[in-house]
Amino acid sequence: MFAEATEAATEVVLSSGWFLEHAWVIPVIPALSFFLIIFFGKRMPKKGSEFGVASMLGALVFAGGAAYQWIQRVNGAPEGAFVSPVVKTWTWWQNSGVSFGIGQHVDGLTVAILLVVAFISTLVQIYSLEYLRGDRRYTHFFASLTLFSAGMLNMVVAENMIQLILGWEIMGLCSFLLIGHWWEEGANSRAALKAFFTTRTGDIGLLTGTAILFFSANEWTTKTLGVSGFSIRGLSSWALSGDPGHAAITMGAVALFIAAIGKSGQFPLHTWLPDAMAGPTPVSSLLHSSTMVVAGVFLVARLYPVFFKGMDILGGSANFIVVIGGITIVIAALLAFVQTDIKKVLAYSTVSQLGYMMMGLGAGAWLPAVFHIFTHAFFKACLFLGAGSISHSSSHHSFEMKKDMGGLRKFMPITFGTWIISTLALCGVFPFSGFFSKDEIIDNVGHNGYNVFMIVGLAGAFLTAAYMTRATYLTFFGQPRGASAGEHHEEESHDSHAAHDDHADHGHDAHDSHEAHASHGPHESGWLITVPLVILATLALGSGFLNAAPFGEKWEHFKKWVEPSAEVVSPTGIAYVVGGVGETRVASDTPTDSTVAPDAEVVTLVEGEAGPEMLRSTPASGEDAHSTEGEALMADASGEAHHESPCGTETPAQGVCMAPQIHHAPFKWSKAATSMLIVLAGFLLSLFVCIQLYEKKNKKFVGLTERNKVLGFGYKLLVNKYYLDVLYEKIIVRSIAHPIAAAVYWFNQKVLDGVVNGAGTTAKGIAGWVYRNIDQRVVDGAVNGTGNVAQGAGSALRPVQSGKVNQYGALLFGAAAIGALVLVIVNT
Amino acid sequence: MFVNQFLILAAVLFCIGVYGVIARKNAVLVLMSIELILNSVNINLLAFSMRNGSLDGHTFALYIIAIAAAEVGVGLAMVLLMYRNRRSIDLDELSEMKG
Amino acid sequence: MFASDVLFAQNIGFAIIAAIMVFGALRVVTTSNVVHAALWLVVVLAGAAAQYVLLAAEFVAITQVLVYIGAVMVLFLFGTMLTRARIGAESDLNNKNWFFGIPIALALFVAMAMALDSGFGSQKMPADAAVVTTQEISDQIFGPYLLPFWALSFVLLAAVVGAIVLARRD
């Protein structure tokens, strides 16, 4: 029975439902709402915000329905089977043979992120009702926020890369609009431009990578799956099929990862994210912590097979993704120590946490990384909204921790409580949600053999605990300072740190009304602000239990619902099992066994009731080469629910793979306790330093950076953000743009008019230039070379620049005629 | 009918158009010369379409006619603007672009 | 015999129309009267429409007449009248360096003629070419070439807006 391939397979009937089939409606709702706000918003009683909130509630209901039905679908499927995504495509546009679809690709990852985005968007819009009340561009704010949600949701449900790019770029545009919401302040519009240009730099990679992958994969996907080379499904299975050449898939993956670096604020393009805090706080909370910046992480998770093969993840050595992620964790966490602006601390914390996600993905910890997107969204959004609540109600629109905060725990008990819960979640303290995701990432990174990066992760956990303790201490403990103590800033001092200041724009209308109550001293915010905070804090506490590995497998719901099974399936989505039970990564040492004789491959059908138990009990003797290893591994992997699949390590002989086989680290309390101790050490050490430094003003600590040279150097490096901005703006931009500008200027100034036109002069000029130039080069060598080239070209081209259209036309056609003549004569 | 008789005719019209673009000073006449060039391209497209028995040339000939209409519209608007600003439509007076 | 008669007639027709077109084109670029140039251009464009009919492209020919001769020429005449104070012969329609055009045009023609000669030599058109119907063209435009059609629509929209913005007085 095993020797013969069984190609026929009965279909595993997967349940579906209206919400799953119509998940594409979710981005459409806010998109329509955007137009309603733009066209009718100003005439509505609530200035258009009601459209925004209503559309987000609608999207949330739809996303919840889709998530519920997806869970039904997974639960109805046989355990361990590949639950095929719900894919729908309509032709978007076509041109002479090439057509692109638009549609939906809904699987566990999609519904998880859809739910997060819709949920956080809803809460943030409710919060903004209060936070931006009376703002000058209130309607536009809600329009941009709603459009952003439409873009992000569209990216998440995207069926193909083109649709994904569409959503990606809409997000970039809205990020620009929202960061620069108060553009009257020069710093805000600069920050908006910086964010836009930096992410655009990465977006070049997105376009390039998509093009590379399309042209490499299109033939295979069209033949095998009947979809274009843009399709997510097609690219995923193509990457694992053995068809892609090494260079093509590596280049494609690297290019796409550059896009992820830009969007997700990874080193070295992370510099825009802290500056983006110039936007209103709800924007920071929604776009720049919980949703938009995870788009890069989402991209990697979405096309994981491409990165898995292209970057050689789990290949035994460090790869690009894990290195970038690791660097980002540490450098961003260090930067968070020297910030005095509470939002910047949170921004660097976001960068660092995104580094965790990337590191997890790069080290094969797919599920923990995705789960970290999920939990991080809740607690980081809560932290940002908490910071906004403080500045809104207590600190006179300032975000300066040292100047304007302190001792706020008595005045703002709800904000304080939610902040503490989210901080503990961020630091990964058991049993808060961060523990179940972050600790799993660190654990799995170590389990997959990336020991160095496990240590990086633990160091990051220590740093996270330390800087969050510092921020919490400065904000909520000690004595009230500055605005929190009821002082009013002088205008000058306020403007001096306007760059970090959210509301520094005194022109904006909200200010007057706030001024009135800000002078009453710090107090708790209104219910429109506290209710979202409480909801988010509850989730920051509770969402981790969706995938609570410590309590055994039956708690790992998220894993069951979201992680795609690495099963070999037929192109139509019907499950096969190829290669028997015992085929493991060990077998990749002798891959010829399975590729040379495909007939010997074992194709078993997964029936509705055939769980992994049956598969495991099937004798693997059909494959003599692997039987012993297979049995050995069977014993080893008895704790795992998944059978071994060849996906990711070798080419399936029949059918396609949709996801690579990944192992999960078994949970051990000893490891968790170690990381808890490290976090505790971070808390205590940081608390000790804070008390000494800020409370007791201990002479040993105050001014340490001025006295100690090494510390002083480190401090200076951190304050200047590793000089990366200097590198980008002063050195790179200036070295590229400045000479061009100078050359153009020189050209304008020096090229004289009244030069005799005509071909004779041109020829003479070129001859003279060649003569002089060669002469000069022989004499002076290469030192003066570049200058002479510029000068020579200038003098040679001087008569050409007469400014007369006809002459340009004559030169153009003359050159074309000469070129054509040469070509014709050569070719005939 | 030879294929070449149409192609050579198109080539002749093209070269006359090129001569017009180079030699003429009056902006309207330059635009007319450009129309000659575009028409020669259309003849080429249709000749090849007939030779290959395909319809693609027809489609693109129509597109070119539409593009030419747009080009003339914008071009003449520019000529009007130029005339309004300097009471002349001689192209050799427009040398602000001189290097 | 009938077919060859038709072919013979076609060739005669082609030669006559082509001669008129070349002459008209030369007048367009040499005449010293802008309005005359526009009228000569009408001759060339009408000749081109006739050539399209010979090439079994009736729909394109009709479009040529409607769009070019009908609309574009009116535009040209309007342009001429709005920009020129007087209508009549002028002496300074050419550049100072107009003679550069001759060698360049000749060189281009030589290059193209050589390429065409070596490329197509004495190839003949298929004698049984069916007239292309409007329906076939619309199937092309609204089928595989829909995307360029959209792009073109945007170009036209931009041209309309641009022309208005450029030409209005403000």
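Modeller: Happy to. A residue is called buried if 20 or more other C-beta atoms lie within 10 Å of its own, exposed if 12 or fewer do, and partly exposed in between, with C-beta atoms placed from the backbone. This is a predicted model, in which local features need pLDDT of at least 70 and side-chain atom pairs count only at pLDDT 80 or more, while totals for chains, interfaces and linings use all residues. Residues are numbered from 1 along each chain as its sequence is written, and chains are lettered from A and ligands numbered from 1 in the order in which they are written.

A:D312 counts as partly exposed because it has 17 C-beta neighbours inside 10 Å. Its phi is near 60°, a positive value in a residue other than glycine. Most residues other than glycine have a negative phi, and most peptide bonds are trans.

Chain A also has cis peptide bonds to look at. One runs from A:F267 to A:P268, with omega near 0°, and A:P268 belongs to the loop between α9 (246-263) and α10 (272-275). Another joins A:F430 to A:P431, again with omega near 0°; here A:P431 lies in the loop between α18 (413-427) and α19 (433-447).

That brings us to α18(A) and its partner α16(A). Two packed helices are described by the angle between their axes and the distance between the axes. The axes of α16(A) and α18(A) come within 9 Å and cross at roughly 145°; axes are lines fitted to C-alpha atoms, for helices over the stretch in contact, and angles run from 0 to 180 degrees between N-to-C directions. The crossing of α16(A) and α18(A) is left-handed, a term used if the near helix is turned anticlockwise from the far one by less than a right angle (right-handed if clockwise). On the α16(A) side, the contact includes A:F379, A:K380 and A:L383, and on the α18(A) side it includes A:W419 and A:L426. By class, this contact has 7 nonpolar, 6 polar and 1 charged residues. Ala, Val, Leu, Ile, Met, Phe, Trp, Tyr, Cys and Pro count as nonpolar, Asp, Glu, Lys and Arg as charged, and the others, Gly among them, as polar.

Within α16 (residues 366-393) of chain A you will find A:F374. With 25 C-beta neighbours inside 10 Å, A:F374 counts as buried. Leaving aside neighbours within four places in sequence, A:F374 is in contact with A:A112, A:V116 and A:S543, where contact means C-beta atoms, placed from the backbone, within 7 Å. From A:F374 to A:G434 there are 60 residues in sequence and 9.7 Å in space, C-alpha to C-alpha.

Another helix pair in chain A is α3 (residues 49-76) with α5 (residues 138-157), whose axes come within 9 Å and cross at roughly 20°. That makes α3(A) roughly parallel to α5(A); angles under 35 degrees count as roughly parallel, over 145 as roughly antiparallel, 65 to 115 as roughly perpendicular and the rest as oblique. This crossing, too, is left-handed. Among the residues making the contact are A:G52 and A:M56 of α3(A) and A:F142 and A:L145 of α5(A). By class, the contact has 5 nonpolar, 5 polar and no charged residues.

A word on confidence: chain A has a mean pLDDT of 76, and 75% of its residues reach 70 or more; pLDDT is the predictor's confidence in each residue, from 0 to 100. Over residues 1-11 of chain A the pLDDT is below 50, and this stretch has 19 contacts beyond near neighbours in sequence. Residues 574-642 of chain A also stay under 50, with 134 contacts beyond four places in sequence.

Finally, the other chains. In chain B, 60 residues are in contact with 73 residues of chain C. α3(B) gives the largest share of that side of chain B, 21 residues. Chain C comes to 6 helices and 0 strands, and 29% of its 170 residues count as buried.

Notes:
Contact = placed C-beta atoms within 7 Å. Helix = DSSP H or I, 4+ residues; strand = E, 2+ residues; numbered from the N terminus.
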